[in-house]
Every structure is written in structure tokens, then in C-alpha cells.
Amino acid sequence: MKRLKILHIVSDSAPGGVPSLVYLLLKHRDKTRFEMAVACRTNGPFYQEALSLGVKVYPIQMEKKLDWRGVLALWQICREWRPDVVHTHANRAGLAGRIAAFLANRPIIIHSTHGLHLTEHHLPRRIFFLKRIEQLLGLLTTRLLACSKSEAELFTRLKLVPARKQAVIENGIELEKFYQADTAKKRELKVALGFPPACFLISTIGRLTEQKAPQIFIEVAAKIAEACPDARFLIVGDGPMRVELESLSKIKKLDERLNFMGAVEREKIPDILAAFDLFILTSLWEGFPFVVIEAMAAGVPVVSTATIGPIDQIIHGETGLLAPVNDIEKLAEHALNLLQNPALARHLAQNACEYTCNHYSIQNIVPRFENLYLSLSKNYE
């Protein structure tokens with residue numbers, strides 16, 4: 001039987017949600033039905049990870065939002081390899097990749113937004129401009145994929161593509177890699193991270209960028225620190241805001257209690273999460289953050305801003321707690337509530353772990369992507 005050829009296009013190989021999902025789609029692919037390749041930059045670990053999976057990997061340059069060298073390179077890849085399906089991921093790859101696939105006359109073009117950067121947190125003129133671009137690209141797109149129901153609702157409100165061109169497939173994780181550490185193991189992990197073994201460790205994971213609003217995490221940490229002498233804080237991730245955040249930490253007198261860990265390899269995340277007593281996400285906007293369901297799978301209580309993605313992942317009061325975006329007081333209040341009520345924290349964590357296992361196993365998610373590829377290809381046979 002002829003295998004369907006799928007080309008994934010990713011603009012960034014640095015650690016993050018997009019490379020994580022594509023890596024899992026490649027790793028768990030049905031090799032009897034699909035031949036997969038990926039085109040990506042070489043600026044991070046994903047490039048080598050994809051090579052290790054035995055798939056064809058095309059190195060590309062995509063330095064700007066619309067890099068015509070990138071468009072030309074992708075057009076040449078599409079003309080030479082002739083994929084049946086071109087699947088682009090996130091803004092930059094979605095712009096260059098969809099243009100290239102259309103010019104190469106590829107029959108099926110799928111785009112996953114992974115968090116639409118068209119929210120109230122952006123300037124109105126930016127929203128207007130990007131909305132028009134996405135509507136034009138929608139004319140070239142066979143399916144526009146949302147990674148959460150709330151993101152799909154945003155597609156509809158913005159009238160990006162007709163409903164018949166929309167689909168929703170959530171992200172998934174390898175559940176077996178995440179575990180709930182017992183007390184002794186948790187203390188051991190905290191010591192390995194440089195913290196007192198009996199501290200209450202409150203953490204966040206993500207790139208240090210405007211979207212993730214890590215300055216909000218520090219403001220929340222300062223409020224928690226006033227009420228809880230045993231609290232310690234960890235920021236995992238790196239990015240352009242790091243120097244600014246380190247200065248803010250000193251201003252808030254947290255430099256003795258807050259550590260910046262920097263970016264870490266994907267395989268280390270489960271052990272790091274197992275040391276946490278509480279995870280806080282402060283994002284201004286999201287798509288479907290991996291780190292939330294990873295924390296839930298690890299049995300870590302989660303407090304998050306109520307933005308697209310987390311509002312689908314978390315049932316407020318049952319599997320975690322949600323606070324309005326930018327609401328430092330409410331985020332701190334939720335965190336202190338869980339700190340002072342360990343029974344509630346355990347209850348939410350147990351429910352969240354069970355919910356994640358039932359909904360976000362990668363073994364259930366990958367077939368949904370592959371069934372989409374197959375169903376669309378039948379329309380072009």
C-alpha cells in the first residue's frame with residue numbers, strides 16, 4: 001500500500017510547545033501508512049531530535065515573518081519530495097509554508113496555529129493586519145486546526161475561515177514519563193535543584209517572553225513570600241526578558257528565594273515537575289500549553305490565568321484554579337489557598353491527573369491527526 005507523504009514545517013527548533021508536538025507526531029507515527037518529513041531551522045535541539053527518529057529532515061532558513069528565501073526553499077522541497085499533505089505549525093511557518101505549498105500545487109494544506117496571536121493584548125492595528133493576512137491565507141488552507149475549543153471559537157468570531165474548514169485536535173503527552181513523587185523523592189529532587197528539602201516550591205515553566213508574562217509570576221511570588229516564609233520559587237526557561245526579570249526579582253527582594261534555571265532538555269522536565277508543590281501559569285494568551293497538562297499528569301496542583309487553552313484544560317475548582325489575566329491579587333490568593341489547604345491541593349491534583357490521563361494521552365491524539373490526513377487525502381484521490 002502506498003504510504004501518504006506528510007511534510008511538517010516548523011519555523012523554530014528551540015524548546016517549546018510546537019516542536020514538542022511535532023516530535024511526538026513523528027515519534028508515534030504509523031510507519032505502515034505514513035512517510036513523514038520535517039522542514040525546520042537548525043537553531044535548537046528539535047532539529048537533531050527529528051533526525052534521531054529516522055525521518056527526512058530539511059534544514060531551512062526562516063529568519064523573518066515572511067522570508068522569501070524560506071518560501072523558495074520550501075517550494076523546492078515541495079516540488080522535489082511532492083508531499084500529499086503539507087502541515088504547517090505556528091505563525092512564521094504558516095505564512096511561508098502555505099504560500100510555498102500553494103505555489104508547488106500541493107493538494108492538501110493544513111495549518112495549526114498553536115495559539116492565535118490575535119487577542120485583546122495586541123494593538124488593534126496589529127489585529128486588523130494579521131486578521132486580514134490569515135483570512136487571505138485561509139483561501140489556500142484545506143484545514144485550519146485549533147488546539148482547543150476556545151481557540152476554534154476565536155477562529156469563528158474573527159471569521160478567519162468557514163466552519164467547514166475548521167477542526168479541533170488537542171495536544172497530547174507521553175503520560176508514562178510523568179509521575180507523582182513521594183515525599184522522600186520530592187525532598188531529594190528539591191535538594192538537587194538547590195532548595196531546602198522541606199520548602200514549598202512554587203514554579204513556572206516557559207519562555208521568558210511577553211506572551212508568558214513572567215513578570216506577573218514574580219509579582220505573585222512576592223505576595224506569597226510575605227505570607228509564607230517556607231515558600232521558594234523557580235522559573236524554568238529562558239528568553240529576551242531574563243535580565244529584566246532578574247532585576248525585578250532583586251527589587252522585590254526575592255533574589256535569595258527565587259532561582260532562574262534557564263532552558264532545560266525535554267527529558268528533564270518530568271523530574272523537575274515532580275519536585276514542584278504548585279505550578280503557576282501567568283500567560284496573557286495561549287493555544288494549548290503542554291506544561292499545564294504535564295504538571296497535571298505529574299500530580300502538581302495548577303493555578304493559571306483564564307486564557308484560551310487553560311480554560312479548556314482546567315475545570316475551575318475541580319482540576320485546578322483559574323484567575324483573570326493580569327490579576328496578581330487573585331493568582332496569589334489562589335496559590336495561598338492551596339498552600340494553606342493541603343487537602344484541597346491534593347484533591348485538585350488527583351482529579352487533574354485522572355482527567356489528563358483520560359483526555360490527553362499522545363496514543364489517543366496521534367490517530368486523530370492521522371485520520372484527518374487520511375480523510376482529506378480521500379477527497380483528492
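A residue is called buried when its relative accessible area is under 20%, exposed when over 50%, and partly exposed in between, using a 1.4 Å probe and protein chains only. Helices (H or I, at least four residues) and strands (E, at least two) are DSSP runs, numbered from the N terminus.

Welcome to this predicted model, where local features need pLDDT of at least 70, side-chain atom pairs count only at pLDDT 80 or more, and totals for chains, interfaces and linings use all residues. Residues are numbered from 1 along each chain as its sequence is written, and side-chain values use heavy atoms, leaving out hydrogens and water.

Let us start with strand β2 (residues 34–40). Of its 7 residues, 6 are buried, so β2 is largely enclosed by the rest of the structure. Two strands pair if DSSP finds at least two bridges between them, and here are some pairs:

| Strands | Sense | Bridges |
|---|---|---|
| β1 (residues 4–10) and β2 | parallel | 7 bridges |
| β2 and β3 (residues 56–59) | parallel | 4 bridges |
| β11 (residues 278–281) and β12 (residues 302–305) | parallel | 3 bridges |

Leu7 has Ala37 of β2 as its bridge partner, while Cys40 stands opposite Pro59 in β3. From β2 the chain crosses through helix α2 (residues 45–52) to β3, a right-handed β-α-β crossover; right-handed means that, with the strands pointing away from the viewer, the path from the first strand over the helix to the second runs clockwise.

Further along, 6 strands form an open parallel sheet in the order β10-β9-β8-β11-β12-β13. Its edge strands, β10 (258–262) and β13 (321–323), each pair on one side only. Within this sheet, Phe279 stands opposite Val302 in β12.
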